[in-house]
There are 2 protein chains.
Amino acid sequence: MNKQQPVRLRDLAFELNLSVSTISRAISGKGRISDKTRVRVLKAIKKSNYTPNDVARSLRMQNAMSLGIIVTDITNSFFASVIKGAQSVSREMGYSILLSNSDENILYEAEAMQLMLEKQISGLILASVGNNGPKITQFQNLNIPVVFIDNTPESVQSFDSVSTDNHKAAHSLTTRLIEKGYKHIGMITGPLNQSSGRQRYEGFQSAMKEHGIPLRDEWIREGNFQMESGRLMMRQILETPIPPKAVIICNNYMTYGAAKTIKEMGKSIPADVALASFDTDDPTSLSSPTIASMNQPAVQIGTKAAEILINRLTAKHPLSHTNLVLEPVFTDGDSW
Amino acid sequence: MNKQQPVRLRDLAFELNLSVSTISRAISGKGRISDKTRVRVLKAIKKSNYTPNDVARSLRMQNAMSLGIIVTDITNSFFASVIKGAQSVSREMGYSILLSNSDENILYEAEAMQLMLEKQISGLILASVGNNGPKITQFQNLNIPVVFIDNTPESVQSFDSVSTDNHKAAHSLTTRLIEKGYKHIGMITGPLNQSSGRQRYEGFQSAMKEHGIPLRDEWIREGNFQMESGRLMMRQILETPIPPKAVIICNNYMTYGAAKTIKEMGKSIPADVALASFDTDDPTSLSSPTIASMNQPAVQIGTKAAEILINRLTAKHPLSHTNLVLEPVFTDGDSW
DNA sequence: TTGAAAGCGCTAACAT
DNA sequence: ATGTTAGCGCTTTCAA
């Protein structure tokens, strides 16, 4: 029941009548050391189950070998997949993951960034809620690389980022709708001060314009990516004097909320109103209707973000910034 | 573009003509210090945006103030919710979260545990794949508390754990099926060497026995909690000479796989075969049919696990082990 | 009230 | 090939 003192290099050194540095060399493989003693040391380490103290090593090396990840909501399968991707790369490269959930709260986000700064993370993968300028500047000053995902900041050129071509995704989705014969099309957008929200709206706008279809303000509502907002906005849209025949909804949660409202109003998808969405893939294959959707390649976003970070951390020379824009992946559905 | 040297206590000390220890005291609030200098120091800290080096502090304090979480699959919404719960408690109590995904791989799990040992985590929340005895012993030896979730080890009494009453959940689910008039009932179990898998099977057994309904071996298959195994096992069960009229499936992914197979075989739920499941709640409200399911209170499991851990870490006196067993939450559906 | 100094466990430059 | 030593940034005892 008593706490067993952890074995330190010093203990091994004492036991083997060697110096601490020799033990250290035996472990790291760096520096000259005779085969004899190396074997002897490694044997002793095994049976003592010595565990290196990585906190001490981090302090000495000025490198904690850990990556921070901050997402707005880990229960969103998009972010869960991003993390999974980043984790697998990190594991491979010997980095550990410090995780934080910001709950879409800019204050929590800033807190998490501060915590990670103090923990001396080597780099940060950030799905930011919004404008968190000052804290980000601290990372820049300390030369800790940050890669933005999902949402990219205004001044994206001075950062790394991995995102999806949201404009194209929305444009393509809209075009498909139009080609199916829909003309009365509305949209529940994301927050327009976030790049993902804004770009999707703009892609929609441009596709409509290209086909000479005017936008109808009363069919367009700005949501906040939450389920409740999907419910509310869809209700408002359906209660307009002449409701649209199709609505594009800019993320998964808002789509779930909207679908619920539609059912509650006794209407059906797509007969009364067609739906198209983003990031609404259905791993359960139980969805009915299945939702036509443009999806971000989530796992890939995670792996790429981690790779960019680690690449920058291990680069010998300064690297210019990488703004990776991945292709959205379309999955068809019977929601339209 | 150059790396700005981080501000250290020493820098502040130099700037203010004070000693390092005085600065430290001003920050921590511990130890005597005059109001005058404290204010002076705090002011200087603000405008220098000093960031404490928590790695150094951790080394000195022999306490990294971080919790490890290892889950088998972060994209499983159950685990994502557990993490979310644990995270919120951790944030509140000033702990950070080291996350690892084991991918249901016992080797990765052991690796992650080793990494966390080296990172000197204060405690571990572990959703273990299987028998990982030796590594767990290391945590015990070093007196690092481990709380098991989802799956509990054989020798559960010597650990903390937070789990769900799986036996009861399965028993109740089976009883409901029987009360609905089903007699021909099969089961796709989880791995029977995992407590959650085994207990659900046993709950099923006991309910069937109570109602005097014999078990039919050909209707019972051991799965591995993965989607593919759900497909395969359901196919085998439906291809028996006389298939059952209802099947209980022991987790969400296997249910998705099974439902897919059922559709592919041109059969329908529940007309041809009724389904009941575990942890299959439907946040999308798009599922059709909706699946009757016994669910673990995932967020609560996360918060409780973190609380137990932190409670033990801050306790003045040795605590006896906590084996918290939470009630499953039933959600009805039209899958039966 | 403040300062000096030791030390957490490790690595690496330098000395032997 | 191995040992000695300094020091990463912090907290804390002890001394002034």
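Trainee: Which residue stands opposite A:Leu98 in strand 2 of chain B?

Mentor: In this predicted model, the residue standing opposite A:Leu98 is B:Leu98, in strand 2 of chain B. The two strands concerned, strand 2 of chain A and strand 2 (residues 96-101) of chain B, pair in the antiparallel sense, and three bridges join them.

Trainee: And within chain A, how many bridges join strand 1 to strand 2?

Mentor: Six bridges link strand 1 (residues 66-71) of chain A to strand 2 of chain A, and here the two strands run parallel. A:Ser66, for instance, stands opposite A:Ser96 in strand 2 of chain A. Together with helix 5 (residues 77-93) of chain A, these two strands form a β-α-β unit that is right-handed.

Trainee: Why is strand 2 of chain A described as largely enclosed?

Mentor: Strand 2 of chain A is largely enclosed by the rest of the structure because six of its six residues are buried. A:Ser96, A:Leu98 and A:Ser100 point one way from the strand, while A:Ile97, A:Leu99 and A:Asn101 point the other way, and all of them are buried.

Trainee: Zooming out to the contact between the chains, how many residues does each one give?

Mentor: Chain A gives 46 residues to the contact and chain B gives 46 residues. On the side of chain A that touches chain B, the elements that supply two or more residues are helix 4, helix 5, strand 2, helix 6 (106-118), helix 7 (133-141) and helix 11 (252-264) of chain A. That side of chain A divides into 20 nonpolar, 20 polar and six charged residues.

Trainee: Changing topic, which residues come nearest to DNA strand D?

Mentor: There are 29 residues around DNA strand D, and of these A:Ser21, A:Arg32, B:Leu9, B:Ser21 and B:Ala56 come nearest. The surface near DNA strand D receives at least two residues from each of helix 2 (20-28) and helix 4 (54-61) of chain A and helix 2 (20-28) and helix 4 (54-61) of chain B.

Trainee: Last one: what does the domain assignment give for chain A?

Mentor: The assignment gives domain 1 (9-59), domain 2 (65-164 + 298-328) and domain 3 (166-295) of chain A. The C-alpha centres of domain 2 and domain 3 of chain A are 29 Å apart, and seven residues of domain 2 are in contact with 10 residues of domain 3.

Methods: Residues numbered from 1 in each chain as written. Chains lettered and ligands numbered in written order. Predicted model: local features only at pLDDT ≥ 70, side-chain atom pairs only at ≥ 80, totals over all residues. Buried ≥ 20, exposed ≤ 12 C-beta atoms within 10 Å, placed from the backbone. Helix = DSSP H or I, 4+ residues; strand = E, 2+ residues; numbered from the N terminus. Pairing = 2+ DSSP bridges. Right-handed = clockwise from strand over helix to strand, strands pointing away. Near = placed C-beta within 6 Å. Domains from an automatic or database assignment. Contact = placed C-beta atoms within 7 Å. Nonpolar A, V, L, I, M, F, W, Y, C, P; charged D, E, K, R; others polar.
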